[in-house]
Amino acid sequence: MRRALRIVLPAALLAALIGLWQLAAAEGWIAEFLNLEPFLVPSPAEVGDALWNNRSLLWENTWVTLREIVIGIALGVLSGLALAVAMRFSRLLRDAVYPLAVASQAIPIVVIAPILVIWFNYGIWPKVIVVALAVFFPLTVATLEGLRSVDPEAVKMMRTLDASRWAIFRRVEAPTALPFTFTGARVAVAVAPIVALFAELAGSNAGLMLLITQANNSFREDLVFAAAAILAVIGVLLVGLTALAQRLVVTWR
C-alpha cells in the first residue's frame, strides 16, 4: 500500500495541476493575470499537440541533448570514482587535489562553456565536458566521504586476518562508500540536463536549447513547453534509473 501511494499520490497531484492549468489557460485567466496575449500562454492540450505535430523535430534535438547528458554523466562518474579512490589511497594526492577540486566549483558554467566552444567548436564535446564537470564534483566528494566513514573496528578485524590493503578496500571500504556514491550520483544526474542546456546556450548547432531559443523567438510557446516537458521526463528517468541501480547494487541497504 505504501509503495502504491508513492506512485498514486504524485500522479494524482500532477493530474490535478495539469487540470487547473488547462482550465486557467482555456479561460484566459493566466494571460489576463500576466497581462499577456492568450497565444503566449499555451494550455496542456496545445502543448500535447505541439509534442505530436513536431515529434520529428523534437526527437532530433532531444537525441542530441540526450547524448550530451549520457556521455557527460558517464565521463563524470568514471573520473569522479577514480579520483576519489586515488585520494583514499594517497593522502598526499588528497591534500594536493581536493582543494583544487573544491575551487573549481567556484567557476561558473557560463564562463567555462564559451571557452570550451572556442576550443572544440560547436560539436558535442564542449557540452559533454561541461556536464562531466558538473557530475564529477558531487560524485567525488560523496564517494570520498563514504570511503572515510568506514568503521575502524572493521578495518582492524581485517588487518588481524592479514588482509591486504586492496582486500580491505574491496570488502570493507567500497561497500561502505557505495550508498554515499549513489547519493552523490542522484544529485549529479538531476542537474545534468540543466547544465547541458546552459552549455548549449553558449553555442550549438542542434539540441533542445537551440530549439527552445528559436521557438521562443517565434512566439511558439507551445513548442517551448513541449521541449521543457521532454527535459523534465529525461530528468525523472535519470534519477529513477539511478535509484533502481542503487537498489540492485546496494542490496544490503
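In this predicted model, helix 7 is mostly tucked away, with 17 of its 24 residues buried. The length of helix 7 also checks out: at 1.5 Å a residue, its 24 residues should span 34 Å, and the C-alpha atoms at its ends do sit 34 Å apart, so the two figures agree.

Two packed helices are described by the angle between their axes and by the distance between those axes. For helix 5 (residues 91-104) against helix 7 (residues 125-148), the angle is about 140 degrees and the axes lie 11 Å apart. Angles over 145 degrees would count as roughly antiparallel, so helix 5 is oblique to helix 7. On the helix 5 side, the contact is built from Arg94, Tyr98, Ala101 and Val102, and helix 7 answers with Phe137, Val141, Leu144 and Arg148. Sorted by type, the residues of this contact come out as 6 nonpolar and 2 charged, with no polar ones. As for handedness, helix 5 and helix 7 cross in a left-handed way.

A second pairing brings together helix 4 (residues 55-89) and helix 11 (residues 221-249), whose axes come within 11 Å and cross at roughly 35 degrees. Here the crossing is right-handed. Helix 4 puts in Leu57, Leu58, Thr62, Leu66, Ile69 and Ile73, while helix 11 brings Leu223, Ala226, Ala227, Ile230, Ile234 and Leu238. The tally for the contact of helix 4 with helix 11 is 11 nonpolar residues and 1 polar, with no charged ones.

Notes
Residues are numbered from 1 along each chain as its sequence is written. This is a predicted model: local features need pLDDT of at least 70, side-chain atom pairs count only at pLDDT 80 or more; totals for chains, interfaces and linings use all residues. Side-chain values use heavy atoms; hydrogens and water are left out. Axes are lines fitted to C-alpha atoms, for helices over the stretch in contact, and angles run from 0 to 180 degrees between N-to-C directions. Helices (H or I, at least four residues) and strands (E, at least two) are DSSP runs, numbered from the N terminus. Angles under 35 degrees count as roughly parallel, over 145 as roughly antiparallel, 65 to 115 as roughly perpendicular and the rest as oblique. A crossing is left-handed if the near helix is turned anticlockwise from the far one by less than a right angle, and right-handed if clockwise. Contact means heavy atoms within 4.5 Å. Ala, Val, Leu, Ile, Met, Phe, Trp, Tyr, Cys and Pro count as nonpolar, Asp, Glu, Lys and Arg as charged, and the others, Gly among them, as polar. The expected span of a helix is 1.5 Å times one less than its number of residues. Buried means under 20% relative accessible area, exposed over 50%, partly exposed in between (1.4 Å probe, protein chains only).
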